[in-house]
Amino acid sequence: MVARPVSHRFGGPRGRLVEALQEKGIKDLAVLRAFNLTPRHLFIPPAIEHRAYEDSALPIGNGQTISQPSTHARYLELLHLTGSERVLEIGTGSGYQTALLSHLAGQVFSMERVGALLIRARDALRAAGARNVSLLSGDGTLGWRDYAPYDAILVTASSPDIPAPLVEQLADGGRLLIPVGGRNDQTLALIVRCGKELERTDIAPARFVPLVGTHGWPKE
Ligand code: SAH
């Protein structure tokens, strides 16, 4: 039997979003394919569904936001995934990026500290047909030891420093992407593990909500 496409709805706007990403310089075909396969409208509140395929960040409730698609796309390109990797995502939020990752990696583990968001993300991921995803409610600054080491770790909230447990849970050759800096302005840092050495490259300015936890920011 031929599997049905994940969602027929919004096929046109989704295609136009993929074209917009290409115009903004996204070249990785696997990343573009993941955007084509992922129904973003399932991951945002129904009241703003009509805005799902704009290249803009949108509110998802509980004071959090779903990032701009072109931001997700640039970050996903930087991970250089080939389809077999084990990936840890910190900050599930809406679950949209988790769904994108599910098309790009072998297994995706994602952690979120706000329980209400995780429940909605779980339902949306199910509706989107993502199967290789495991979710955990808790403090992602501690990582998820049970499934470590990870070939890639993607942190979608900003931290004053790089949480030590995440570096410890990074595989040899693994790539960690994390926005580091102040509460309002950060730099996106790429950390690559080479044996015991860590190579850090600062990629670009970034603006994310705070990573709140033991190795992040204290609760306000
Ligand atoms: N990638 C998400 C973006 C979510 S915003 C999306 O596209 O929808 C960042 C998320 O990180 C928020 O949902 C926030 O609750 C979560 N977060 C903040 N600190 C965290 C922590 N210590 N552990 C896990 N999640 C955290």
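Which backbone atom lies 3.3 Å from a nitrogen atom of the ligand? It's an N or O atom of R113. Before going further, a word on the ground rules: this is a predicted model, where local features need pLDDT of at least 70, side-chain atom pairs count only at pLDDT 80 or more, and totals for chains, interfaces and linings use all residues. Residues are numbered from 1 along each chain as its sequence is written, and side-chain values use heavy atoms, with hydrogens and water left out.

Let's stay with the ligand. S94 brings in a polar side-chain atom, 2.7 Å from an oxygen atom of the ligand, and V212 has a polar backbone atom 2.7 Å from a ligand nitrogen. The protein covers 99% of the 580 Å² of accessible area that the ligand has on its own, going by the Shrake-Rupley method with a 1.4 Å probe (for residues, only the protein chains shown count as cover).

Around the ligand there are 26 residues, and S94, E112, D139, G140 and V212 come nearest; a residue belongs here if one of its heavy atoms lies within 4 Å of the molecule. By class, that shell has 10 nonpolar, 13 polar and three charged residues, where Ala, Val, Leu, Ile, Met, Phe, Trp, Tyr, Cys and Pro count as nonpolar, Asp, Glu, Lys and Arg as charged, and the others, Gly among them, as polar. β2 gives the most to the shell, with three residues. Helices (H or I, at least four residues) and strands (E, at least two) are DSSP runs, numbered from the N terminus.

Now for the space itself. The ligand takes up the largest pocket, a call that needs more than half of its atoms within 2 Å of the grid points. On a 1 Å grid over the protein atoms alone, a pocket is an open set of points with protein on both sides within 12 Å along at least five of seven lines, a cavity is a set where a 1.4 Å probe fits but cannot get out, and lining residues have an atom within 4 Å of a point. The largest pocket holds about 760 Å³, with volume being the space filled by probe spheres set on the points, which are joined across faces, edges and corners. Of its 46 lining residues, T65, T156, A157, F208 and V209 are closest to the centre.

Helix α5 (residues 115–128) gives the most to its lining, with four residues. S94 turns up here too, along with residues including F43, P45 and R120. There's also one cavity of 30 Å³ or more, lined by D28, A30, V31, L76, L81 and L104.

Most residues other than glycine have a negative phi, and most peptide bonds are trans. F10, in the segment before α1 (11–23), has a positive phi of about 60 degrees although it is not a glycine. The peptide bond from A148 to P149 is cis, with omega near 5 degrees, and P149 sits in the loop between β5 (133–137) and β6 (150–155).

How values were computed
A polar contact is a pair of N or O atoms within 3.5 Å; within protein, one must be able to donate a hydrogen and the other to accept it, and residues adjacent in sequence count only if both atoms are side-chain atoms.
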